[in-house]
Amino acid sequence: MKTLDTVLQEHRTFPPSQTFTEKARIDAAGLSALHAQAERDPVAFWAEQARELLLWRTPFTQTLDESRAPFVTWFADGELNLTESCLDRHLATHRRNKAALIWEGEPTERGVESRVLTYFELHREVCRAANALRTLGVKTGDRVVIYMPMIPELVIAVLACARLGATHSVIFGGFSAEAIRDRVQDAGATCVLTADGGYRRGKVIPLKQNVDEALHSCPGVKHVVVVSRVGCDVSMHAGRDHFWADLLRGQSAHCPAVAVPAEHPLFILYTSGTTGKPKGVVHSTGGYGTQVAYTTRHVFDLRDEDTYFCTADVGWITGHSYIAYGPLLHGATVLIYEGAPDTPHRGRLWEICERWGATILYTAPTAIRSFMRWGDEWPKRHDLSSLRLLGTVGEPINPAAWLWYHETIGQGRCPIVDTWWQTETGAIMVSPLPGATATKPGSCTQPLPGLSVEVIHKDGTRCQPGQGGFLVISRPWPSQLRTVWGDPERYRKTYFGDMFIDGKPVYFTGDGARLDEDGYLWVVGRVDDVLNVAGHRIGTAEVESALVSHPAVAEAAVVGRPDELKGQALVAFVTLRAGSAQRSDAPLSASEAAAEILRKHVVKEIGAIARPDEIRFTEALPKTRSGKIMRRLLREIACSGRARGDVTTLEDIAVLERLSAQHSDEE
Ligand code: WT7
């Protein structure tokens with residue numbers, strides 16, 4: 001009965017409540033008007049948003065330039081510094097002494113640790129940090145890598161770079177030394193900002209040690225700045241390494257913001273693709289800022305009195321757009337938390353919501369599924385009556401999780417915005433507006449005004465309601481990535497090489513989607529060799545190249561298998577080199593030691609997020625006659641234990657039989 005309920009409820013729609021709509025920035029009529037205005041002249045629409053939402057040092061006269069498509073520019077002759085919009089302009093208003101950042105640390109042994117920075121204080125700290133970086137020679141156009149835990153200094157560091165026009169590249173604190181090395185080298189970074197360590201589930205992650213290891217092969221890095229967060233011992237290289245506190249001491253609280261052209265790269269953020277090498281996604285300043293400001297305002301219905309809580313890490317795009325930039329552009333109060341949601345107990349997030357009176361909560365479906373599993377007793381222990389709006393991002397949300405979020409966290413009162421976007425889109429593209437759109441659990445509903453997201457067939461014709469196809473973006477948008485750092489050809493091929501409408505290349509998202517009878521979008525997930533594990537994007541090729549870098553591994557193929565909690569789990573099929581200790585014909589139990597060695601190896605090469613859930617040893621991988629690994633078959637074996645589809649191109653059918661047999665042994 002319970003399952004039947006869930007299936008039936010999937011078709012329910014949730015219109016915005018009257019109490020929400022009354023106060024909302026935009027209601028249904030407002031949304032239609034905005035759509036109409038945007039469709040009349042999308043480019044003029046965005047230009048108006050850019051003028052209204054951002055401070056410009058030099059107003060732009062140019063808008064969208066598509067003459068070198070797919071390399072486009074927006075507002076190219078305008079100049080600005082985004083930190084003036086995030087900070088300086090609020091200082092002349094009632095927001096001067098308003099909380100900009102409320103931060104809570106993970107450890108609680110000595111009581112709850114928190115810091116509140118007002119707009120005045122955040123501005124001062126950003127200026128002092130920027131001045132400090134300037135004394136190290138950091139200047140406009142330089143690349144600065146930031147590898148920090150979720151502490152206020154992370155946001156300060158990001159904004160300090162932007163203040164100087166230096167392009168930041170944040171690396172998530174869960175990545176390994178090898179991953180840092182690759183990114184530092186690819187970006188050509190000259191400076192790294194880090195911390196001694198960071199807390200995660202009560203343990204200390206040795207961030208500075210990872211940086212030291214990475215920098216052995218990064219001679220281009222001249223300076224490393226270290227925030228003391230955990231107080232652990234770190235080795236400091238004379239001349240290269242500096243403590244953050246020492247460097248900032250005595251720095252002036254004023255630092256002129258360097259105005260840069262709108263197209264100046266604000267940041268590079270590395271993300272996984274279908275090859276072994278991560279892509280440096282490059283975002284602009286003016287276009288990015290415009291769409292981030294626009295979406296933050298409308299999707300989160302942001303108001304001055306809100307306490308906006310986003311659980312993402314600044315190391316991902318969500319943290320860039322909807323912690324560091326979006327909310328600050330509107331002078332909002334942003335609540336951030338350093339650690340894990342189950343430390344020291346499984347009610348930590350709800351305790352934080354209650355303590356600070358969070359009004360908006362933005363989190364990931366994978367987190368929601370964990371909360372569900374942990375049980376209702378945890379949220380029930382806390383007063384969540386301050387919440388008025390909930391958001392999700394990162395992967396499709398299953399209706400059961402949506403309904404739980406709605407009932408148990410939102411207490412039936414809060415609209416849910418399911419926001420679809422990507423690292424490459426920079427900002428939200430598809431989402432309901434909370435005061436305007438009737439939502440359906442599991443659907444991200446419709447593209448926001450000004451954006452053109454469509455579902456097409458492989459031949460470029462548009463899908464009709466009820467049909468499934470490929471999710472594409474058929475018009476340039478202000479916050480679109482501008483290129484792949486150092487590899488413009490990869491940008492063109494990856495995003496504009498596959499899908500065409502009327503013969504014209506359109507941006508392909510890598511996602512499959514279905515359009516329902518109301519024109520709502522249901523994103524199914526990636527259709528390329530990219531996996532979404534617990535909301536983190538992982539390229540199968542990246543994990544494969546990490547596996548084959550181990551001397552015992554001859555070949556590896558990685559596929560995804562549906563996972564109740566994480567969305568997808570990583571399954572690796574591995575063949576070992578002849579003579580290496582572990583052979584596939586040995587009993588499976590004996591493979592565990594070898595599997596563990598390989599798991600550790602992947603963690604070392606990439607980071608814990610890429611740790612395979614399952615490693616299966618096999619004598620050979622199923623291949624086509626031309627030698628291509630047949631991942632489709634491996635996926636079927638990983639999911640169901642058997643390959644059912646067409647195997648006519650398979651080179652050695654015996655391989656498949658052995659793989660399937662191996663699975664039934666396990667059961
Ligand atoms: C991929 C992008 C955007 C920040 C977090 C992830 C999936 C994202 C949704 C959603 C269904 C979603 C897509 C997309 N995705 N949001 N609301 N519904 N799928 O950023 O690492 O760049 O991953 O996440 O598959 O392509 P990312």
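I started at Asp301, which sits in the loop between α11 (286–299) and β16 (307–310). Helices here are DSSP runs of H or I with at least four residues, strands are E runs of at least two, and both are numbered from the N terminus. Before going on, I noted that this is a predicted model, where local features need pLDDT of at least 70, side-chain atom pairs count only at pLDDT 80 or more, and totals for chains, interfaces and linings use all residues. Residues are numbered from 1 along each chain as its sequence is written, and side-chain values use heavy atoms, with hydrogens and water left out.

Asp301 is not a glycine, yet its phi is positive, about 50°. Its relative accessibility is 2%, so I logged Asp301 as buried (buried is under 20% relative accessible area, exposed over 50%, partly exposed in between, with a 1.4 Å probe and protein chains only).

Thr445 is another non-glycine with a positive phi, near 65°. I found Thr445 in the loop between β20 (416–419) and β21 (453–456), and at 0% relative accessibility it counts as buried.

I flagged these because most residues other than glycine have a negative phi, and most peptide bonds are trans.

On the peptide side, I looked up two cis bonds. One joins Ala69 and Pro70, with omega about 5°; Pro70 is in the loop between β1 (64–68) and β2 (71–74). The other runs from Thr343 to Pro344, with omega near -5°, and Pro344 falls in the loop between β17 (333–337) and α13.

**Helix α14**

How many of the 10 residues of α14 are buried? I got 8 for this helix (residues 365–374), so the rest of the structure largely encloses it. Among the buried ones are Arg369, Phe371 and Trp374. The buried residues of α14 pack against α13 (348–356), β18 (360–363), α15 (377–380), β19 (389–393), α16 (399–409) and β30 (567–576). Just after α14, Gly375 has a positive phi of about 110°.

**Whole protein**

I counted 21 helices and 31 strands in the protein. The radius of gyration is 25 Å against 26 Å from the globule rule for 667 residues, so the protein is as compact as a globular protein of that length (taken over C-alpha atoms; the rule is 2.2 Å times the number of residues to the power 0.38). The C-alpha trace spans about 75 × 65 × 60 Å along its principal axes. Of the 667 residues, 60% count as buried.

Methods:
Contact means heavy atoms within 4.5 Å.
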